[in-house]
Amino acid sequence: MKTIVIASNNAHKAREIAEALDFPGWEFKTLRQLGIDSDPVEDADTFLGNARIKALAAHEASGGKAVLADDSGLEVDVLDGAPGVYSARYAGEGATDADNNEKLLSALANVSDRDRTARFACTLVLVDEDGSETVARGTIEGRIGHEERGSNGFGYDPLFLPDVFADGRTLAEALPEEKNAVSHRGNALRELRSKLEAKR
């Protein structure tokens, strides 16, 4: 059995990863499940950089086990890609989702619908036992609405209107299985699976 450490303690994320990468003989464990303490400073200026920091730190802390790490966030074109790697703390350290959404709406107050294009992006880094690295990136394109709608999501989901939803729903108005089918992490996992299958 090959154990892959998920550099996170998010149970929902762990389940999504395990279902997407259900290779025979693979098992996925979170840091907490393995009793691993790994919480490095994520000070890179790209999602790839931060995912790599988390993966390498957990790889070392686990004694050389395979590790999968991700970093993700929202990129708004008219804001030059902000909030980007600062998505979780856009309104400052300790900011709530409501704080971040309020700041984003304020920043886009005078921006037309046409120019409110944005995407959620996710980068995955898998560091194998031998230190080799496989990288995948996934996005979901859309635009930022003018008000929060929906209660199924978190973060910027209530403001994000995916292009793939023809009915104008936000991500937070979608069912969890609908979101997983089109999400940036889901798309990144599908790309990672394809790359891993090519290597097998």
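1. Contact here means heavy atoms within 4.5 Å. By that rule, and leaving aside residues up to four places away in sequence, Glu16 touches Asn180, Ser183, Arg185, Gly186 and Leu189. Before going further, a word on the model: it is predicted, with local features needing pLDDT of at least 70 and side-chain atom pairs counting only at pLDDT 80 or more, while totals for chains, interfaces and linings use all residues. Residues are numbered from 1 along each chain as its sequence is written, and side-chain values use heavy atoms, with hydrogens and water left out.

2. Staying with Glu16, where does this residue sit? Its place is in helix H1; helices (H or I, at least four residues) and strands (E, at least two) are DSSP runs, numbered from the N terminus. Is Glu16 buried or exposed? Glu16 is buried, at a relative accessible area of 10%; buried means under 20% relative accessible area, exposed over 50%, and partly exposed in between, using a 1.4 Å probe and protein chains only. Between Glu16 and Arg185 there are 8.9 Å from C-alpha to C-alpha, although 169 residues separate them in sequence.

3. Now for the sheet. Its 6 strands form an open arrangement in the order S2-S1-S3-S4-S5-S6, with mixed pairing; two strands pair if DSSP finds at least two bridges between them. Strand S2 (26–30) and S6 are at the edges with a single partner strand each, so one side of each has no neighbour in the sheet. On average, and with direction ignored, neighbouring strands are turned by 35 degrees against each other; axes are lines fitted to C-alpha atoms, for helices over the stretch in contact, and angles run from 0 to 180 degrees between N-to-C directions.

4. Helix H5 (residues 184–199) lies across S2, S3, S4 and S5, and runs at about 155 degrees to S5.

5. Strand S4 (residues 117–127) and strand S5 (residues 133–144) run antiparallel and are joined by 11 bridges. Cys122 stands opposite Gly138 in S5, and Leu126 stands opposite Thr134 in S5. The hairpin has 5 residues between the strands, and Gly131 takes a positive phi near 90 degrees there. On to the next pairing: S5 and strand S6 (residues 160–162) are antiparallel over 3 bridges, with Pro162 in S6 as the bridge partner of Gly142.

6. What packs together inside? The largest nonpolar core has 18 residues, and Ile4, Ile17, Leu21, Phe28, Leu68, Leu124 and Leu192 have the most contacts inside it. Such a core is a set of buried Ala, Val, Leu, Ile, Met, Phe, Trp, Tyr and Cys residues joined through side-chain atoms within 4.5 Å. S1, H1, S2, S3, S4 and H5 each give two or more residues to this core, and H5 gives the most, with 4 residues. Leu192 touches Leu21, Leu68, Leu124, Thr134 and Ala136, again not counting residues up to four places away in sequence. Apart from this core lies another of 17 residues, among them Ala118, Ile144, Leu171 and Ala174.

7. The aromatic pairs number 3. Rings of Phe, Tyr and Trp (its six-membered ring) pair if their centres lie within 6.5 Å; planes under 30 degrees apart count as stacked, over 60 as edge-to-face and the rest as tilted. Phe120 and Phe160 form a tilted pair, 4.7 Å centre to centre with 55 degrees between the planes. This pair links distant parts of the chain, as Phe120 in strand S4 and Phe160 in strand S6 are 40 residues apart. Both Phe120 and Phe160 are buried. Elsewhere, Phe23, Trp26 and Phe28 form one aromatic cluster.

8. Finally, please look at the loop between S3 and helix H3 (97–107), which holds Pro83 and also Asp80. The peptide bond from Ala82 to Pro83 is cis, with omega near 0 degrees. Asp80 has a positive phi of about 55 degrees although it is not a glycine, and Asp80 counts as exposed at 77% relative accessibility.
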